[in-house]
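Subject: Handing over a structure, with notes on what was found

Dear colleague,

I am passing on a structure for you to look through, and the notes that follow it are meant to be read with the model open. Please take your time with them.

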Amino acid sequence: MKSAVLVFPGINRERDMARALHLISGREPAMVWHADTALPAGTDLVVIPGGFSYGDYLRCGAIAARAPIMDAVRGFAQSGGLVLAVCNGFQIACEAGLLPGVLMRNSQLRFICRDVYLRVERSDTPFTRGYNAGQVIRVPVAHGEGNYIADGQTIARLEGEGRVLFRYSSPDGMIDPNWNHNGAMNAIAGIINERGNVLGMMPHPENHVEPSMGCTDGRGLFAGLVDHFKLAA
Amino acid sequence: MISNEPVVTPELAAEHGLKPDEYERIVKLIGRVPTFTELGIFSAMWNEHCSYKSSRIHLRTLPFKTPLVIQGPGENAGVVDIGDGLAVVFKMESHNHPSFIEPYQGAATGVGGILRDVFTMGARPIACLNALSFGDPKNPRTRALVAGVVAGIGGYGNSFGVPTVGGEVRFHRRYDGNILVNAMAVGLAEKDQIFYSAASGVGMPIVYLGSKTGRDGIHGATMASAEFGADAEEKRPTVQVGDPFSEKLLLEACLEIMAKGCVIAIQDMGAAGLTCSAVEMGAKGDLGVTLDLDKVPCRESGMSAYEMMLSESQERMLMVLKPEKEQEAEEIFRKWGLDFAIVGETTPTKRFLVRHGGAVMADLPIKELGDQAPLYERPYVEHAKLPIIDAVSIKPPMRIADALEKLIGSPDLCSKRWVWEQYDHVILGNTVQRPGGDAAVVRINEGPKALALTSDVTPRYCEADPYEGGKQAVAEACRNLSAVGATPIACTDNLNFGNPERPEIMGQLVGCIRGIAEATRALGCPVVSGNVSLYNETNGRAIPPTPTIGAVGVTDFRNTMTLAFKAEGEAILLLGKTRGWLGQSLYLREICGREEGAPPPVDLRAEENLGALVRYLIGSVDRSYVTAVHDVSDGGLLVALAEMAMASDIGAVLVEPQPEIPAHAFWFGEDQGRYVITVRPSLVDEVVRVIENAHVGLHRLGTTGGRVLAVAGERPLPVHELKRRFEGWLPAYMAGHE
């Protein structure tokens, strides 16, 4: 699996992501500068990592969504390439029109960093094939604006088409407002686009890939992607 | 010289915080009345914050070197060898005054400033800690200050991209008018790639990097060197505004040009901005510096020389570059979208020459600006010793179980989750032990080496007995490191006190420094960097002496120990000696409403032996004798045991092994030098033998198991109920329910 990690000014989880990709795929990802206009040849997976691109001084992700490299990413997605967008990456993907909806401020208006539980809704996608449907995984979140909101029609479509891949849940998989730390609609933590090749999610699977960090529940996402490309090859 | 500046008079000098004799000294030094810009420069260099004029004499007694120390106090941060060609670079610094005036920006720029100190030396920041002291929770301002400071620390550190992994939060009415915000940053560098501030070579270009200069923060350092009166609110314009996005870019750009070998010397613009950084670079290198202010990138037009020299705009650096690398360095900075301007050069004259609009605005002897700052040997009075309180004389007003419930739900002992959940503590993927334990543990690169980090001080001990309190702050920091299995290697101190012109305050400072000096020597944990914050006083009322110690230890991340009980049926052992010391304890304060007596003494030899024993018991990856370790500190033994239970949801059955001590004094006394450990049943006999051979004091307290904490003769306490109280107070308070 050849991956490319985008680097915008102010992005700060690109190292975490690169390390997880290297650890699980065995290949060092290419780091791609925002001012570049093309992705490296042969890229399998584009990753938009977390951070505070351009300081999040305008709407989160709004400036990065207009960076030169994003035209190449849109083209890549249109031709079916896989895009993983995490945290600020999710916000950028929404602003870039790759995914519907928007990430608003957390409902209690504070930045929150903690481990949360996610219910994996489907296992038949390249992003979740490393998990079982209904499985609950534990991964950290670290965001101030992760409250997913979209209009009723969009939410209905997302739900109807099975495009919600991760939901905030209790440790035993129940959907419960007490376990939805940011107030996201329908407890949505991660969604895919219509074609199923762009995943946006707020939590950080890349921070839970090593036993020494206390949990390896994030590995499944990366391992599943590696398997996907192995099978495709 | 120039005509459009105000005429300098003794009155104007006084308004700049300079004492009459200090002004006289200036006139004598330069042989004339200074210009307005020069007066500003002197006031910036000679204030307490930058010159350490009250504390310097005493601080000289602190540093000593171990073979690991690469750089002690005097640079932007301390540097210590950690093996494998790597060095840890760290420092703690206060941002107290600005955080009280404008909590969000004050705290945010405190974090920004300390991060800059660390990466200025060529280190990539890998962790931050924060020690916060707030006023009485009942004070109407406290809630907003807590909210603002915590949001500011998070807002800066989260965006910059460094995990904030530890610290402390306390409340006391004596901080009502002067909160403390002490920020510590820890970075990692190649041992032979450390960068310093001393310029070298004549005619070298001096380069200005980073953000533009604005009118913010003018006289910030002077403001931070005075007491507050009723007008504290009016000082808001002296607080700087932080921009973590620019700082992140500055970090990446600086590390990149350092790696390319472009840099001769580098100094960040912190307190007193351009003035302090330029003077330090020149003075340390025995060189003169000429600055051309027309070249300084400004945020607004029409700024005077005086304003530019005193601005504390954030996210700025000054560098001396290798002339042949100038273009390469500029390209890197342009790539990161940062300002880059050559604003001056080094000269052989040892003069600090400032030009603006074709005129000379300042022409001063550079060495004297720094070295001949006033140095005071201020009079001080030793603190009278307080009586030792006999535990028998303290009648317990409630049962042990009730007192425990009350204590763990009290502001100082309750969970600080509400605070540290607003800090990204997992970014960079190396946080092995997160906030909430004895010390945070951060892996170095891929390991197995890791750093343990903690910050500690017990202000009520320091006030009751500055010398013992100083010792205790160091001892507890080292104990917290040992409890996670780390060997202490060095520390940083952030000395927060009241007005040093009062002999009793000066006595606190001198006493605490004496205690810190003795303890750091005894425990092999030298002070390698630090900061002094004086005049933490409002209308003549000072804070309790608060010398925060930030300590760093080295460990193996695969074998780090936590405080949570691990399994049912394990033996709980207490190491160290218990006398039932209630003087200055939280039990006495929170349960009996008394803040009295001598604080518990610290036996440094016993601390050293115990620390070594605990690290031996934690052992190595292949062999460990213990399953959990926790040091006993604030609140005493039963609070420590409750914390171990709450972290695991496993209860315990406990007995008092020393019935000769009154129960409340045994369970809540704050005798120093103690740890609780748990041991698997099969290993108990062997562990007991090892401990007995070390002659450190050993008692069996009971066994882990069940879902309640059951103290013999007391109502059993369900662990989940304890947890509800422990986790409940701070969120309820912040929501306005408490």
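A salt bridge (a side-chain nitrogen of Lys or Arg within 4 Å of a carboxyl oxygen of Asp or Glu) joins A:D124 to A:R122, and the closest N and O atoms of the pair are 2.8 Å apart. With relative accessibility of 56%, A:D124 counts as exposed, whereas A:R122, at 24%, counts as partly exposed; here buried means under 20% relative accessible area, exposed over 50% and partly exposed in between, with a 1.4 Å probe and protein chains only.

Before going further, please note that this is a predicted model, in which local features need pLDDT of at least 70 and side-chain atom pairs count only at pLDDT 80 or more, while totals for chains, interfaces and linings use all residues. Residues are numbered from 1 along each chain as its sequence is written, chains are lettered from A and ligands numbered from 1 in the order in which they are written, and side-chain values use heavy atoms, with hydrogens and water left out.

Over all chains, the structure holds 64 salt bridges. One of them lies within helix α18 of chain B (residues 466-483), where B:K471 and B:E468 sit three residues apart, about one turn of the helix; helices (H or I, at least four residues) and strands (E, at least two) are DSSP runs, numbered from the N terminus. The N to O distance between these two side chains is 3.2 Å, and both partners are covered, B:K471 being buried at 5% relative accessibility and B:E468 being buried with a relative accessible area of 12%.

Another salt bridge links B:R479 with B:D631, with 3.7 Å between the closest N and O atoms. Because B:R479 lies in helix α18 of chain B and B:D631 in strand β23 (residues 628-631) of chain B, the pair ties together parts that are 152 residues apart in sequence. B:R479 is buried, at a relative accessible area of 1%, and B:D631 is likewise buried, at 2% relative accessibility. Elsewhere, salt bridges that share partners connect B:D402, B:E405, B:R715, B:E721, B:R724 and B:R725 in one network.

Turning to helix packing in chain B, helix α7 (residues 103-119) and helix α10 (residues 244-259) pack at an angle of about 5°, with their axes 11 Å apart, where axes are lines fitted to C-alpha atoms, for helices over the stretch in contact, and angles run from 0 to 180 degrees between N-to-C directions. That angle makes α7(B) roughly parallel to α10(B), a description used for angles under 35 degrees, with over 145 counting as roughly antiparallel, 65 to 115 as roughly perpendicular and the rest as oblique. On the α7(B) side the contact (heavy atoms within 4.5 Å) is made by B:G112, B:L115, B:R116 and B:F119, and the residues of α10(B) taking part include B:E247, B:L250 and B:M258.

The helix α7(B) also packs against helix α8 (residues 142-160) of chain B, at an angle of about 35° and with the axes 7 Å apart.

Finally, in chain A, helix α3 (residues 88-95) is mostly covered, as eight of its eight residues are buried, among them A:F90, A:I92 and A:E95. Just after α3(A), A:G97 takes a positive phi of about 80°.

With best wishes
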